[in-house]
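Please have the viewer open as you go through the points.

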Amino acid sequence: MNTPLAVHDTAIRGLTRIHKGKVRDVYAIDDARLLIVATDRLSAFDVVLPEPIPGKGIVLNRISNFWLGLTQHIVPNHLLPVDLSSVVPDPADLPMLEGRSVVARRLKALPVEAVVRGYLIGSGWKDYLATGAVCGIALPPGLRQAERLPDVLFTPATKAAVGDHDENIAYAEVERLIGAPLAARVRDTAIRLYLFAAEHAAARGL
């Protein structure tokens, strides 16, 4: 099996890159569609590391597409069934893009990350140690690291730019940023997605 060449950065001829994220590069196809490329860049604790992992973007893209396809009954998503060859101007770019790219609707992203927690780990554990709460949600004393939480929690975060760190925020801040009706939709949809995915994984021993 041949190991794919690592893709750390992209420059697609004939398309304008409009955003470079920690891992994904986004190009404008037209006013309604985007090309999203999952590179092999590695982001750890919101820092992009200098060495890419060959093939990582392909694996990440497959995982994302799997879950987006499996959860369409809960919430529609941005993916479009468009062949790459019909939107990439230079065929010479296709081998690099195959397996790591999707064509998507051009939508406006919300300024928050919808994080759902079923276990006390990561930044939630740090918050708990410092305050006894996660994102302002009080938890029982004496919980252990990585312990399953009594209830699934919606613990939103800011969506930081490259080089900055995402920060946990209270639900009230989400309401302030996007309004109470939309905040409730985001929270309820995120929790439905988590519960569905957790059940799917548990049935397979994960």
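Cys135 is found in the loop that connects strand S9 (133-134) with strand S10 (137-138). Please keep in mind that this is a predicted model.

**Positive phi angles**

- Most residues other than glycine have a negative phi.
- Cys135 has a phi near 55°, a positive value in a residue other than glycine.
- With a relative accessibility of 11%, Cys135 counts as buried, because the cut-off for buried is under 20%.
- Ala146 also shows a positive phi, of about 70°, although it is not a glycine.
- You will find Ala146 in the loop between S10 and strand S11 (148-154).
- Ala146 has 42% relative accessibility and therefore counts as partly exposed, since that class lies between 20% and 50%.

**The largest nonpolar core**

- Which residues make up the largest nonpolar core? Its 12 members are Ile12, Leu15, Tyr27, Ile29, Leu35, Val37, Leu84, Val87, Val88, Leu94, Leu97 and Val103.
- Strand S3 (33-38) and helix H2 (94-97) each contribute at least two residues to this core.
- Tyr27, one of the core residues, has contacts beyond its neighbours within four places in sequence, and these include Ile12, Leu15, Leu35 and Val37.
- Among the other contacts of Tyr27, again leaving aside neighbours within four places in sequence, are Thr10, Thr16, Arg17 and Arg33.

**A buried asparagine**

- Asn61 sits in helix H1 (residues 56-70).
- Is Asn61 buried or exposed? Its relative accessibility is 7%, so Asn61 counts as buried.
- Setting aside neighbours within four places in sequence, Asn61 is in contact with Ala38, Gly99, Arg100, Ser101 and Val102.

**Helices H4 and H5**

- Two packed helices are described by the angle between their axes and the distance between the axes.
- For helix H4 (residues 171-178) and helix H5 (residues 180-202), the axes come within 7 Å and cross at roughly 125°.
- H4 and H5 are therefore oblique to each other.
- The crossing of H4 past H5 is right-handed.
- On the H4 side, the contact involves Tyr171, Val174, Glu175 and Ile178, while H5 brings Ala180, Leu182, Ala183, Ala184, Val186 and Arg187.
- Sorted by class, this contact of H4 with H5 has eight nonpolar residues, two charged residues and no polar ones.

Note on methods: Residues are numbered from 1 along each chain as its sequence is written. This is a predicted model: local features need pLDDT of at least 70, side-chain atom pairs count only at pLDDT 80 or more; totals for chains, interfaces and linings use all residues. Side-chain values use heavy atoms; hydrogens and water are left out. Axes are lines fitted to C-alpha atoms, for helices over the stretch in contact, and angles run from 0 to 180 degrees between N-to-C directions. Helices (H or I, at least four residues) and strands (E, at least two) are DSSP runs, numbered from the N terminus. Angles under 35 degrees count as roughly parallel, over 145 as roughly antiparallel, 65 to 115 as roughly perpendicular and the rest as oblique. A crossing is left-handed if the near helix is turned anticlockwise from the far one by less than a right angle, and right-handed if clockwise. Contact means heavy atoms within 4.5 Å. Ala, Val, Leu, Ile, Met, Phe, Trp, Tyr, Cys and Pro count as nonpolar, Asp, Glu, Lys and Arg as charged, and the others, Gly among them, as polar. A nonpolar core is a set of buried Ala, Val, Leu, Ile, Met, Phe, Trp, Tyr and Cys residues joined through side-chain atoms within 4.5 Å. Buried means under 20% relative accessible area, exposed over 50%, partly exposed in between (1.4 Å probe, protein chains only).
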